[in-house]
Amino acid sequence: MRGADTFTESLFTMRKLEDFVPVRHPLREIRKMANAALDKLGPTLTAMYAVEIKGGRPSIAPEKLLRAILLQVLFSVRSERQLMEQVQYNLLFRWFIGLAMDDAVWVPTVFTKNRERLIKPDAVIKFFNEVVAIAQQRDLLSGEHFSVDGALIQGWAGHKSFVPKNDKPEDGDKTEGDGDNRSTASDDFKGQRRSNETHESKTDGDARLYRKGNTASELRYMGHTLSDNRHGLIANAKVTQADGYAEREAAKAMINDARQALGDDEHEITVGADKGYDAKEFIDACQAMKVTPHVAQNKSGLKSAVPDEIAQTEGYATSQRKRKLIEQGFGWAKTVGSMRQVMVRGLKRVDQMFVLTMAAYNLVRMRSLGQIRPQAAQ
């Protein structure tokens with residue numbers, strides 16, 4: 001018998017929002033870990049709104065704000081406007097954020113302005129650190145053996161915005177068009193010599209023209225991560241302006257943070273890296289911090305700065321195998337987290353999105369490890 005094509009909506013429903021989420025849905029464990037990290041950020045999040053105690057409209061709860069941005073990363077939602085549209089009708093999104101079925105969804109511009117407030121108190125960085133602390137509590141980190149690497153992030157700025165510094169329009173100057181499409185005399189840049197010393201993007205002043213290997217020169221940033229070799233979880237992450245020294249300088253800062261977090265200056269720490277880190281100043285800096293540099297030797301017409309007595313050890317070979325795990329984090333961030341070309345401008349905003357993306361990667365990875373570990377123990 002053919003069913004009738006009718007639609008009858010109930011006047012009332014007795015089901016909770018959580019009833020619509022499958023019991024074994026991956027987001028359940030991720031939300032549990034995210035909430036545990038957010039609980040530790042109570043004083044920081046409260047201080048963000050201390051000036052509004054005397055009055056004013058209630059703003060977006062920072063916990064809901066952070067969970068919403070996590071969703072944007074986890075589901076590759078490209079913009080705040082698209083995110084707000086999906087939250088309007090997606091029950092899974094509402095449940096994860098903490099919105100009831102009939103709660104109003106935020107205006108995209110209000111959501112963006114509230115996101116900006118997370119930058120000053122380093123709320124995202126502290127959230128990342130709490131996620132790493134959860135991994136430590138679950139014995140998922142070695143705390144001793146690391147890998148370091150960097151990756152290019154294309155900025156949200158085009159070549160036409162890269163103009164001589166003295167040609168940047170002053171406040172109040174009228175130009176035809178808007179953004180990168182404004183008509184200026186510098187639009188035709190072919191045949192001109194341009195460098196970061198003489199030119200600057202008028203839409204994103206922190207982006208730098210940079211190329212690496214066989215890639216074309218683009219306005220870019222550089223993302224850096226320090227991963228733990230036990231399971232490839234990201235222990236530290238940061239973004240810098242793109243230049244030839246940024247990778248090694250950022251690596252030294254992150255390794256120093258790892259040394260201080262260990263709390264024992266005599267305990268051995270190793271760090272694996274690719275050939276780009278095979279420079280005498282970097283190797284010397286690692287040894288000064290009492291960190292064994294398991295850096296891939298670069299012997300292409302040069303003498304490697306990595307001593308042969310280190311390169312011939314079993315630990316060195318293990319580090320070289322394990323360091324490839326760090327590429328999984330970069331690959332996930334660029335494909336799922338939309339960090340191949342970031343859609344925010346300014347170093348602080350790009351750093352905020354990169355660190356949050358790596359926190360999301362850790363949450364996904366930890367959830368997967370939680371499913372694998374019980375089976376491995378059998």
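Predicted model: local features only at pLDDT ≥ 70, side-chain atom pairs only at ≥ 80, totals over all residues.
**Figure 1. An overview of the protein.** Helices (at least four residues) and strands (at least two) are DSSP runs, numbered from the N terminus. Of its 378 residues, 45% are buried. Among contacts with a separation of 6 or more, 69% are between residues 24 or more positions apart. The accessible surface comes to about 20,900 Å², and carbon and sulfur atoms hold 49% of that area.

**Figure 2. A stacked pair, Trp 106 and Phe 111.** Searching the whole structure turns up five aromatic pairs. One of them joins Trp 106 and Phe 111, with the ring centres 5.9 Å apart and 20 degrees between the planes. Because buried means under 20% relative accessible area, Trp 106 qualifies at 16%. Phe 111, at 0%, is buried too.

**Figure 3. A tilted pair, Trp 332 and Tyr 361.** Here the rings of Trp 332 and Tyr 361 lie 5.8 Å apart, centre to centre, and their planes make an angle of 55 degrees. This pair links distant parts of the chain: Trp 332 belongs to helix H12 (residues 326-335) and Tyr 361 to helix H13 (residues 347-377), 29 residues apart. Both Trp 332 and Tyr 361 are buried.

**Figure 4. Arginines over aromatic rings.** Let's turn to two places where an arginine meets a ring. Arg 15 lies over the face of Phe 20, 4.3 Å from the ring centre. In the other place, Arg 31 has its charged end over the ring of Trp 95, at 5.2 Å from the centre of that ring.

Terms used
Residues numbered from 1 in each chain as written. Heavy atoms only, no water. Phe/Tyr/Trp six-rings, centres within 6.5 Å; stacked < 30°, edge-to-face > 60°. Buried < 20%, exposed > 50% of the residue type's maximum accessible area, 1.4 Å probe, protein only. Lys NZ or Arg CZ within 6 Å of the ring centre and 35° of its normal. Contact = heavy atoms within 4.5 Å. Areas by Shrake-Rupley, 256 points an atom, 1.4 Å probe, with all protein chains shown as cover.
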